[in-house]
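Please keep the sequence and the structure at hand while reading.

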Amino acid sequence: MQAETLILRGGRVVCPLNNIDEVMDVVVQNGRVVSLGSTAEEGRVIDCSGCVVAPGFTDIGAELGDPGYLWREDLISGSEAGAAGGFTSIVSSPKTDPVVDTPVAVAELVSRSFELSGARVLVSGAITTGLDGEHLAELGLMVESGAVALSDGRTTMMHTGLLRRALDYARPFGVPVILRPGDTELEGSGVMHEGEVSTQIGLRGIPAAAEEIGVARLIALSALTGCRLHLSQITTAGSVKQIRAAKEDGVRVTAAVPARHLIMTDRAVDQSVYDTSTRLLPPLRSESDRLACVAGVKDGVIDCVTADHVPLTRIEKEVEYMYATPGAMGLETAFSATLEGLGGDLISTVRALSVAPANVIGKRAALEADAAADLVVFDPSVSISVEGPFRSRGLNEPLKGRVLPGKIVMTIRDGCIIYGPKRD
């Protein structure tokens, strides 16, 4: 990719980090933002009238399947899907085959990521070897090899003593530890949220308590060790309440909610006639949980919104509901789902998709002079119909067929247009 001088003219510039929300030009040169408000004499002019110009989005924990699960996704397709969704950076999950649990595996992915022409792919290393929950991986060496985070890859680690040691070991390296809160015994063979709907339609449920017990355990360990902890998938009102209290007590914890959980509930399982794209872990929750998560994002208790991107194939999804592999794709719809879930609140949307997740991995997502030119341009007044073909290889988009607000017009990474209008 070769950067060029770009003049983004007449857009509404939104930068929560610098409290900017006004119409102005943005000039990009040599991969950096060189000015806000003033313009350049020469360069490619792009009319952004009626659109919002904001820092590019960051997603934490997407399963890109590379290496080993290339029929689901690879670095190229995942990178392109991210760019189409407004993401300039994606932190990949270590849940691959083999698992990303050694410095060599981290270095190999980092090396290949430089060749991508879509969203940049950053690497997280596994906390335990093979994600077995029993043996600590080489945490420090993986960070030295380029891992920006350490993760359980959505596999709930139930060995509390080992988890405590992992957090102790990780703390000096300064990277966040990304964990999915849960309790495997309570989750059991459940396939959806335990509540009125699961009782009515006769599917085994996963109680909200499974997540909330996990949240309590992880918050206590974070307070004990002082490690930076990121709770990757928060979906219940009780979890939001606990995180609020933990932050008030000064615990170093951040949290994210999947974008689709801001607009979908467990009733989607029944209404979709058991569409297996709604088979998720954590599952779609009740309306009261959804509203609590929306409120949590708006007031900053839940820092981030994640695409929760788990692309799967027909073989894994076109089976009976209880046998379907849990997960859904989401990189290309996370922005619109967030915008709808937050009632069109642009500031909260940009903060949750851009500023906060970048901050979790130690990056600064801001529009300011000499900042990296990672930008997204979107039109909040245009609605989109969620239909394929998608750039992701996944076939499990639970929002398919819905009309959602907001259209990604352009994504710019390091001053290069990676999605949107290209030169003829």
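## Overall form

The protein has a radius of gyration of 20 Å, which agrees with the value near 22 Å that a compact globule of 424 residues would have. The model is a predicted one. Its C-alpha trace spans about 65 × 45 × 45 Å along the principal axes. The secondary structure consists of 13 helices and 18 strands.

Of the 424 residues, 60% count as buried. The protein exposes about 16200 Å², and carbon and sulfur atoms supply 50% of that area. Among contacts between residues at least 6 apart in sequence, 76% join residues at least 24 apart.

## The largest pocket

The largest pocket holds about 370 Å³ of space. It is lined by 17 residues, and the closest to its centre are Arg 120, Lys 363, Arg 364, Ala 372 and Asp 374. By class, the lining has eight nonpolar, four polar and five charged residues. Strands β7 (87-92) and β8 (120-126) each supply at least two residues of this lining.

## Cavities

Rolling a probe the size of a water molecule over the atoms shows where empty space is left. The structure holds four cavities of 30 Å³ or more. The largest cavity has a volume of about 140 Å³. Fifteen residues line the largest cavity, with Ile 60, Gly 61, Arg 154, Ile 178 and Ser 232 nearest its centre. Its lining is made up of three nonpolar, nine polar and three charged residues.

The second largest cavity contains about 50 Å³ of space. Its lining comprises 13 residues, the closest to the centre being Arg 180, Glu 187, Glu 211, Pro 282 and Arg 285. Seven residues of that lining are nonpolar, two are polar and four are charged.

## Residues beside the cavities

Arg 154, one of the residues nearest the centre of the largest cavity, is in the loop between β9 (149-151) and α4 (160-170). Its phi is positive, about 75°, although Arg 154 is not a glycine. Arg 154 counts as buried because its relative accessibility of 17% is under the 20% cut-off.

Pro 282, among the residues closest to the centre of the second largest cavity, lies in the loop between α9 (267-271) and α10 (287-298). The peptide bond from Leu 281 to Pro 282 is cis, with omega near 0°.

Pro 181 lies in the loop between β10 (177-179) and α5 (184-187), and at 2% relative accessibility it counts as buried. Leaving aside neighbours within four places in sequence, Pro 181 is in contact with Glu 211, Gly 214, Val 215, Leu 218, Ser 232, Gln 233 and Ile 234. The C-alpha atoms of Pro 181 and Met 157, 24 residues apart along the chain, are separated by 8.7 Å.

Helix α12 (residues 334-341) is largely enclosed by the rest of the structure, because seven of its eight residues are buried. The buried residues are Ala 334, Phe 335, Ser 336, Ala 337, Thr 338, Leu 339 and Gly 341. Just after α12, Gly 343 takes a positive phi of about 65°.

Met 329 is in the loop between α11 (314-317) and α12. Its relative accessible area is 2%, so Met 329 is buried. Apart from neighbours within four places in sequence, its contacts include Arg 260, His 309, Phe 390, Ser 392 and Pro 398. Ser 392 is also touched by Ser 77, a residue of helix α1 (residues 75-84). Ser 77 touches Arg 391 and Arg 393 as well, and is buried at 6% relative accessible area.

## Other backbone features

A cis peptide bond, with omega of about 5°, joins Asp 97 and Pro 98. Pro 98 is in the loop between β7 and α2 (103-113).

Asp 308 lies in the loop between β15 (304-306) and α11. Phi of Asp 308 is near 50°, a positive value in a residue other than glycine. With a relative accessible area of 4%, Asp 308 is buried.

Terms used:
Residues numbered from 1 in each chain as written. Predicted model: local features only at pLDDT ≥ 70, side-chain atom pairs only at ≥ 80, totals over all residues. Heavy atoms only, no water. 1 Å grid on protein atoms, 1.4 Å probe; cavity = no way out; pocket = protein on both sides within 12 Å on 5 of 7 lines; lining within 4 Å. Points joined across faces, edges and corners; volume = space filled by probe spheres on them. Helix = DSSP H or I, 4+ residues; strand = E, 2+ residues; numbered from the N terminus. Nonpolar A, V, L, I, M, F, W, Y, C, P; charged D, E, K, R; others polar. Rg over C-alpha atoms; globule rule 2.2 N^0.38 Å. Buried < 20%, exposed > 50% of the residue type's maximum accessible area, 1.4 Å probe, protein only. Contact = heavy atoms within 4.5 Å. Areas by Shrake-Rupley, 256 points an atom, 1.4 Å probe, with all protein chains shown as cover.
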